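Here is a briefing on one protein structure. Look through the model first, then read the points below.

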Amino acid sequence: MPTGFQQLGGETVTGTFVLSVFTAVLGSLQFGYNIGVINAPQKRIEGEYNATWIHRYGAPIPAGTLTSLWSLSVAIFSIGGMLSSFCVGFVSEWLGRRKAMLINNMFAFIGGSLMAFSKLCRSFEMLILGRFVIGAYCGLASGLTPMYVGEIAPTSLRGALGTLHQLAIVTGILIAQILGLDQLLGSEDLWPLLLGVTVVADCSSDVISALLPREPPVPLHSPLPGAPGQERS
């Protein structure tokens, strides 16, 4: 068997295939992370909203206004995801799966940067806008990732690899809850970094993707001699 190939389920899986799947699933990981990340620093963020309001208007923020801003900060993520999910089919056919995921990473970078610098700029509008943009990213990723993985996966592994999308989502939620602890990134000074960590995964995805061929090589997986099935193009 050639070096760099491994037998799985009657298929010869290349390192490039594994790397392609890993890169795609990073999108699902960020989806889960951004679902759970907003919960842990709630009190910190509300305190920052109040401090920003005092800085602007010289008085504490009204309780009703604070509740509305916080609710918007949470809910607008779903709004962004809902709107962008309607475009998954069009975007994937227009740009292709892999290129669409690469361009979608721009949304993650912009959204994460807006949230990370919202405290420094004393702008709760930046945080809310960042949540909307990162929601748009997650809406596209939730469709593009399983679509891409399913299409490049060999038939014998398609079911198993299809579960990676959900596994990465719940893993992302878990990571967000752990990093949100006060002892880690949930402190008064570090919560903006907690929201901006998604940029790290985004940049990692871009760097890895740059090392991959423009199109999936033939084959990313190869049937073993005598195994049923044909190579995927």
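**Aromatic rings and nonpolar cores**

Phe90 and Trp94 sit four residues apart, about one turn of the helix, and both belong to helix α4 (residues 88-95). Helices here are DSSP runs of H or I with at least four residues, strands are runs of E with at least two, and both are numbered from the N terminus. This is a predicted model: local features need pLDDT of at least 70, side-chain atom pairs count only at pLDDT 80 or more, and totals for chains, interfaces and linings use all residues. Residues are numbered from 1 along each chain as its sequence is written, and side-chain values use heavy atoms, with hydrogens and water left out.

**Aromatic pairs**

- The structure holds four aromatic pairs. Rings of Phe, Tyr and Trp (its six-membered ring) pair if their centres lie within 6.5 Å; planes under 30 degrees apart count as stacked, over 60 as edge-to-face and the rest as tilted.
- The ring centres of Trp53 and Tyr57 are 4.6 Å apart and their planes are at 55°, so this pair is tilted.
- Trp53 and Tyr57 both lie in helix α2 (residues 42-57), four residues apart.
- Is Trp53 buried or exposed? Trp53 is buried, with a relative accessible area of 19%. Buried means under 20% relative accessible area, exposed over 50%, and partly exposed in between (1.4 Å probe, protein chains only).
- Tyr57 is exposed, at 52%.
- Phe90 and Trp94 form a stacked pair, 5.7 Å centre to centre with 20° between the planes. Both residues are exposed.

**A cluster and a charge**

- Tyr49, Trp53, Tyr57 and Phe124 form one aromatic cluster.
- Arg56 lies over the face of Phe124, 4.7 Å from the ring centre. A charge sits over a ring if NZ of Lys or CZ of Arg is within 6 Å of the ring centre and within 35 degrees of the ring normal.

**Nonpolar cores**

- The largest nonpolar core has 28 residues. Such a core is a set of buried Ala, Val, Leu, Ile, Met, Phe, Trp, Tyr and Cys residues joined through side-chain atoms within 4.5 Å.
- Ile45, Tyr49 and Leu195 have the most contacts inside this core.
- Helix α6 (124-152) is among those that supply at least two residues of this core. α6 gives the most, with seven residues.
- Apart from this core lies another, of 18 residues, among them Phe17, Val88, Val91 and Leu161.
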